[in-house]
Amino acid sequence: MTATAVLRPPHDDVVARRYASWLARVLAVAMDSGLLGLCVWLVAPGAGVPAVWPGLPPWQGATDAVPVELGGAASWTVAVVLLVQFGLQAWTGATIGKRAVGMVVVDDATGRPVGALRTVWRQLLHLLDAVLLIGYLRPVWHPQRRTFADSLARTVVVDASWPPAWAAVAPRPTRVAQSVAAALGVVGLLALFVQSGGASTVTVAQAPCVLEDGAPRGLHARVEVERSASWEMRLWIRQELPAAPGTVRVVWSALPGAPGHGEVEVTADVTALDGADEGRVWHAAAAGTLAAGEQTVVDVERAAGGAGGLDVRSRVDADAGGFACSARVTLTAADLAGTSR
């Protein structure tokens, strides 16, 4: 009597398991996104966070964030956090968020972590999942809960503390790893909730005007350059946001007791002293009155790309009185960022 061999799929005892649910995967992505956004925010408040998962929002909270500057503190922070997260998934099967919810990404045949190259390849394949978000929704109906990236990279996401092909990890290290990951995951979720405010106006610098020929005696006025200040708060930590590099506001105001001079014209010229816009000049003008208790304001809109120092020159002309008054303020990058004090 000839024995009949029973053929089984390779490692069938390894891969026969429960697949991670779609909601659990969404929760893990939210945790990882929140942690990335929080780390960048702590290092560089106001900086944007790239969308690591194509087609999905970065979920880092800021609505008017400045893009990450290549080579800056924010970009290095993004690189370090992603290196740690991808390394954890490549060699242990799970990022911090996945570890917190109890799931691992493994090879569909061996049940082992897939390594660095396939982890990065799988992340790039999420570009296909981003098309109308169909791929990201595919785990809802797919029998193995796979996105397109999972199918092409030959991976599955399963409910497990560690990769199933590994020898059983001792309970204590498992509990410690999951507890730490759960704590960090909760921090990431809380970091998604951002309180912001401010928009108050603070004076960066001021200078008295210089009276020119024909100016009446006793005129007192000054020019002030202002910037808007705002803040954000996450996890009870408050961070002052850098001032937007756009508008420079020049304010002329007559001091109490100064004589009134009716209609005046105010002009302002802002010159970039350094940075990418060095030497560029922006000009603006406005009409108003110059009398005690009143102000005349001119807003100079400039390109948002420059972050260097500025030379601000302003002049007020009163045709009726036949006089002119001018003032000059030089601002450093620290003045504009609110870090000079």
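Author: A residue is called buried under 20% relative accessible area, exposed over 50%, and partly exposed in between, with a 1.4 Å probe and protein chains only. The model discussed here is predicted, with local features needing pLDDT of at least 70, side-chain atom pairs counted only at pLDDT 80 or more, and totals for chains, interfaces and linings using all residues. Residues are numbered from 1 along each chain as its sequence is written, and side-chain values use heavy atoms, with hydrogens and water left out.

Reader: How many helices and strands does the protein chain contain?

Author: Helices (H or I, at least four residues) and strands (E, at least two) are DSSP runs, numbered from the N terminus. The protein chain has nine helices and 12 strands. Of its 341 residues, 44% are buried. A contact requires heavy atoms within 4.5 Å. Among contacts with a separation of 6 or more, 68% join residues 24 or more positions apart.

Reader: Which residues have a positive phi although they are not glycine?

Author: Most residues other than glycine have a negative phi. In this structure, Leu132 has a positive phi of about 55°, and Arg145 likewise has one of about 55°. Leu132 belongs to the loop between helix 5 and helix 6 (134-137), whereas Arg145 sits in the loop between helix 6 and helix 7 (148-153). Leu132 is exposed, at 71% relative accessible area; Arg145, at 30%, is partly exposed.

Reader: What span does helix 3 reach from its first C-alpha to its last?

Author: The expected span of a helix is 1.5 Å times one less than its number of residues. Helix 3 (residues 73-92), with 20 residues, reaches 28 Å, close to the 28 Å expected. Its buried residues include Ala74, Val78, Val81, Gln85 and Ala90. Their cover includes helix 2 (22-43), helix 4 (96-101), strand 1 (103-107) and helix 5 (115-129).

Reader: Which residues does Thr119 touch?

Author: Thr119 is a residue of helix 5, buried at 2% relative accessibility. Leaving out residues up to four places away in sequence, Thr119 touches Phe86, Gln89, Ala90 and Val114. Thr119 and Ala90 are 29 residues apart along the chain, yet their C-alpha atoms are separated by 5.7 Å.

Reader: At what angle do the axes of helix 2 and helix 8 cross?

Author: Axes are lines fitted to C-alpha atoms, for helices over the stretch in contact, and angles run from 0 to 180 degrees between N-to-C directions. Helix 2 and helix 8 (residues 171-191) have axes that come within 7 Å and cross at roughly 75°. The two helices are therefore roughly perpendicular, a class that covers 65 to 115 degrees. Helix 2 contributes Leu27, Ala30, Met31, Gly34, Leu35 and Leu38 to the contact, and helix 8 contributes Leu184, Gly185, Val187, Gly188, Leu189 and Ala191. These residues divide into nine nonpolar, three polar and no charged, where Ala, Val, Leu, Ile, Met, Phe, Trp, Tyr, Cys and Pro count as nonpolar, Asp, Glu, Lys and Arg as charged, and the others, Gly among them, as polar.

Conventions: Angles under 35 degrees count as roughly parallel, over 145 as roughly antiparallel, 65 to 115 as roughly perpendicular and the rest as oblique.
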